[in-house]
Amino acid sequence: MPSFDEVLKEAGEFGRFQKRVFFLLCQTGITFSFLFASVVFLGQAPGSYWCRIPGAAEQSELCGWTLEEERNFTVLPLRLGNGSFSGECERLDVVWDTSVSCASPLSRYSNGSTGHLPLTTCHDNWVYKQPHSSIVSEYNLVCGNAWMLDLSQAVLNLGFLAGAFTLGYAADRYGRILTYLLSCLGVGICGIIVAFAPNFTIFLIFRFLQGVFGKGTWMTCYVIVTEIVGSDQRIVGIVIQIFFTLGIMVLPGIAYLLPTWQGIQLAISLPNFLFLLYYWVVPESPRWLLTRKKGDKALKIMHDIAKHNGKYLSPHYSEITINNEEVSNPSFLSLVRTPQMRRNTLIFMYAWFTSALIYQGLVMRLGIVGGNLYLDFFISAAVELPAALLILVTIDRIGRRLPFAISNIVAGIACLITAFLPEDILWLKMTIATLGRLGITMAFEIVYLVNTELYPTTLRNFGVSLCSSLCDLGGIIAPFLLFRLAAIWLELPLIIFCILAVVCGLLVLLLPETKGISLPETVEDVEQLSSHFGKCGKKRKHRDTNSYI
């Protein structure tokens, strides 16, 4: 009986069918990038706001003032008499007398006594010129509550982390496409609830759930694409990263056209409902079906793939070899029970953590410094495009392992050089720092591909999801590490980034090369993988075909 890879080769490894499925699932990269980076626009700082003094609202209504007139009459004059008074996080501890003249409401303080009035902290009386422009003005995330904006992003990352465990497990146990479709439904529903959340607590709860389901869509679509193409076409996983970058580049355009945060939230959430139509066009992964002893369903899908690709399966392909390894529900112990799996798992966990920590750290360090937020965000996103193009040019020529290692080492060295370059040659400092971001972006994108290629089908979705959960942990830690260390010495974070990246680059050299090999189907395949390669990563001619289904 033929193996799955033999059947796939005859049905077409990257024909019309796979190209269609690939293009459709790539759209998930765009919507996931919206969710990943949306806080930049959902949480924009309000342009102008102040703390309203009790009685000022009644005075304003009585006198028919505009908001600007209210601010001029009740805040600005008092600021002149109180040098430390900003009017944003503090207010004067007074109550306006509504019986005073509308033309001169401060006449009772005309003798300079405004400078001696007591101040008090503002709690919930803020007034915004654009009250619904962002979640900051919607939920009063200013002054003492400003940390809650960071909390909203941390909660999203916690959702990613939870999704990696729960939905990664679900995809390996209940199927790829079922998990994908339910995740798309979840992202859409939670996104709508977030847009109309009556308070910040509800906002956080459903933003967390949106992170859970968002992670499910992203990781599952990646695995589906990888499992339905041949070994020579698995770099399509890198192209999905390009769609992620395209989403990052499109996001500022959406935010520019929609003036309210609710509009932005709906615009980035509603497209997920369209993915439910994939139920009729994207099949279950035949590799997964084989691991679940569903060979008949897998063979039917292979016949459909062959038909769409203009191919014809031989009559003797009436059955595909079924894996004889006992299939158990995935668990962490399955990832570390055997030597090669243990080595791969530990290296990938470190690589995911390091890539996320350095990537987000460099983004925050280079940041968006003033100027036009929308244009600056677009340009910063465009920097990532060359990374994917470099990977596509090199990965099928020299393999995965060497570019993976070099990109990490280049990122580390660039961070080290940037740390010690003097400030008076800023252009060179910024150029080297950008080179570091390019290197870590390449490493970030390669880890997706190699991680998928070095786990067996029985554990692939769970393993990739579990390892990538360290990415979310790195994203949570990055801002704290960056800002705390920068307070000691501005360039100290770059030294830490250098150490982490170089160590990662050396560790990935311990991984086997995966260029041109079939996806492992069982843990035994992974354990025997190193024996298929001689020196310099060349594949040996001998191959134990019994280890493949």
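Author: Buried means under 20% relative accessible area, exposed means over 50%, and partly exposed lies in between, with a 1.4 Å probe and protein chains only. The model is predicted: local features need pLDDT of at least 70, side-chain atom pairs count only at pLDDT 80 or more, and totals for chains, interfaces and linings use all residues. Residues are numbered from 1 along each chain as its sequence is written, and side-chain values use heavy atoms, with hydrogens and water left out.

Reader: Why is Lys 215 called buried?

Author: Its relative accessibility is 4%. The cut-off is under 20%, so Lys 215 counts as buried.

Reader: What makes Lys 215 and Asp 472 a salt bridge?

Author: A salt bridge needs a side-chain nitrogen of Lys or Arg within 4 Å of a carboxyl oxygen of Asp or Glu. Here N to O is 3.4 Å, so the pair meets the rule. The two residues lie in distant parts of the chain, 257 residues apart: Lys 215 in helix 10 and Asp 472 in helix 22 (residues 460-488). Helices here are DSSP runs (H or I, at least four residues), numbered from the N terminus. Asp 472, at 3% relative accessibility, is buried.

Reader: How do you know whether Lys 300 is buried or exposed?

Author: Its relative accessibility is 55%. Exposed starts over 50%, so Lys 300 is exposed. Its salt-bridge partner is Asp 304, with the closest N and O atoms 3.8 Å apart. Asp 304 has 33% relative accessible area, so it is partly exposed. Both residues lie in helix 15 (residues 295-308), four residues apart, about one turn of the helix.

Reader: What makes Glu 384 and Arg 437 a salt bridge?

Author: Their closest N and O atoms are 3.0 Å apart. The limit is 4 Å, so the pair qualifies. Glu 384 sits in the loop between helix 18 (373-382) and helix 19 (385-398), and Arg 437 in helix 21 (residues 426-453), 53 residues away. Glu 384 is buried at 4% relative accessibility, and Arg 437 is buried at 7%. The rule gives a count of six salt bridges.

Reader: Why is Ser 38 called buried?

Author: Its relative accessibility is 0%. That is under 20%, so Ser 38 counts as buried. Ser 38 lies in the loop between helix 2 (16-37) and helix 3 (39-42). Leaving aside neighbours within four places in sequence, Ser 38 is in contact (heavy atoms within 4.5 Å) with Arg 207, Leu 251 and Ile 268.
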